[in-house]
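This report describes the architecture of a single protein chain.

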Amino acid sequence: VTPLAVPYLIVRECVLILFSVSEGYPQAVLTLQPAWAQIFTGETVTLSCEVEGGSADWRFKQYRDGREEAGCSDQYSSRYGDSCTISTAQYNHSGVYWCESASGQERSNAVTLTVSSKSFTF
């Protein structure tokens with residue numbers, strides 16, 4: 001073995017190890033449409049969980065009033081694939097949302113959604 005061959009083998013092994021680790025953990029990104037975090041009661045908002053490398057049976061979670069609960073689970077919400085549409089936003093839809101893998105081991109970024117009443121000033 002020549003002295004130049006040894007560093008080449010070490011670099012090659014490190015690259016393979018890093019590739020296999022990143023391959024096992026898909027990254028999820030939670031986005032809102034429309035893209036602002038404050039909406040008014042009665043409006044529609046869609047949360048989308050975009051997963052690099054395809055879907056991994058991700059679910060929506062919400063943290064509200066000091067407890068974690070299932071997001072997208074009431075009569076105003078509907079789920080289609082990796083998206084959740086809240087068609088008639090209510091105050092109780094306010095909270096911190098994230099996507100979570102079925103195993104609970106991986107989570108997306110968190111997004112805070114605030115639902116408030118419309119106020120008009122004349």
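## Ser 116 and its surroundings

Not counting residues up to four places away in sequence, Ser 116 touches Gln 38, Ile 39, Phe 40, Thr 41 and Tyr 91. The model is a predicted one. Ser 116 is found in strand E9. With a relative accessibility of 17%, Ser 116 counts as buried, because the cut-off for that class is under 20%. The side chains of Ser 116 and Gln 38 are joined by a polar contact of 2.9 Å. His 93 lies 23 residues from Ser 116 along the chain, and the C-alpha atoms of the two are separated by 9.9 Å.

## The chain as a whole

The secondary structure of the protein chain comprises 1 helix and 9 strands. From the N terminus on, the order of elements is α-β-β-β-β-β-β-β-β-β. Of the 122 residues, 30% count as buried. The chain exposes about 8200 Å², and carbon and sulfur atoms supply 57% of that area. Among contacts with a separation of 6 or more, 57% are between residues 24 or more positions apart.

## Strand pairing

Four strands form an open sheet in the order E1-E3-E7-E6, with antiparallel pairing. Strand E1 (28-33) and strand E6 (77-80) are the edge strands, each pairing on one side only. From one strand to the next, the twist averages 15°. In general, the strands of a sheet pair through backbone hydrogen bonds, in either a parallel or an antiparallel sense.

| Strand pair | Bridges | Residue pair |
|---|---|---|
| E3 (residues 45-51) and E7 (residues 83-86) | 4 bridges | Thr 46 and Thr 85 |
| E4 (residues 59-64) and E8 (residues 95-100) | 5 bridges | Arg 59 and Glu 100 |
| E4 and E5 (residues 67-70) | 4 bridges | Tyr 63 and Glu 68 |

Leaving aside neighbours within four places in sequence, Thr 46 is in contact with Thr 31, Leu 32, Gln 33, Ser 83, Cys 84 and Thr 85.

## The nonpolar core

Which residues of the largest nonpolar core touch the most other members? This core has 19 residues, and those in question are Leu 30, Leu 47, Cys 49, Phe 60, Ile 86 and Leu 113. At least two residues of the core come from each of E1, E3, E7, E8 and strand E9 (111-116). Strand E3 provides the largest share, 4 residues. In soluble globular proteins, nonpolar side chains tend to be buried together.

Leu 113 illustrates the surroundings of one such core member. Apart from neighbours within four places in sequence, Leu 113 is in contact with Leu 32, Ala 37, Ile 39, Val 45, Ile 86, His 93, Ser 94, Gly 95 and Tyr 97. Among these partners is Ile 86, which is itself one of the core residues that touch the most other members.

Conventions. Residues are numbered from 1 along each chain as its sequence is written. This is a predicted model: local features need pLDDT of at least 70, side-chain atom pairs count only at pLDDT 80 or more; totals for chains, interfaces and linings use all residues. Side-chain values use heavy atoms; hydrogens and water are left out. Two strands pair if DSSP finds at least two bridges between them. Axes are lines fitted to C-alpha atoms, for helices over the stretch in contact, and angles run from 0 to 180 degrees between N-to-C directions. A nonpolar core is a set of buried Ala, Val, Leu, Ile, Met, Phe, Trp, Tyr and Cys residues joined through side-chain atoms within 4.5 Å. Buried means under 20% relative accessible area, exposed over 50%, partly exposed in between (1.4 Å probe, protein chains only). Contact means heavy atoms within 4.5 Å. Accessible areas come from the Shrake-Rupley method with a 1.4 Å probe; for residues, only the protein chains shown count as cover. A polar contact is a pair of N or O atoms within 3.5 Å; within protein, one must be able to donate a hydrogen and the other to accept it, and residues adjacent in sequence count only if both atoms are side-chain atoms.
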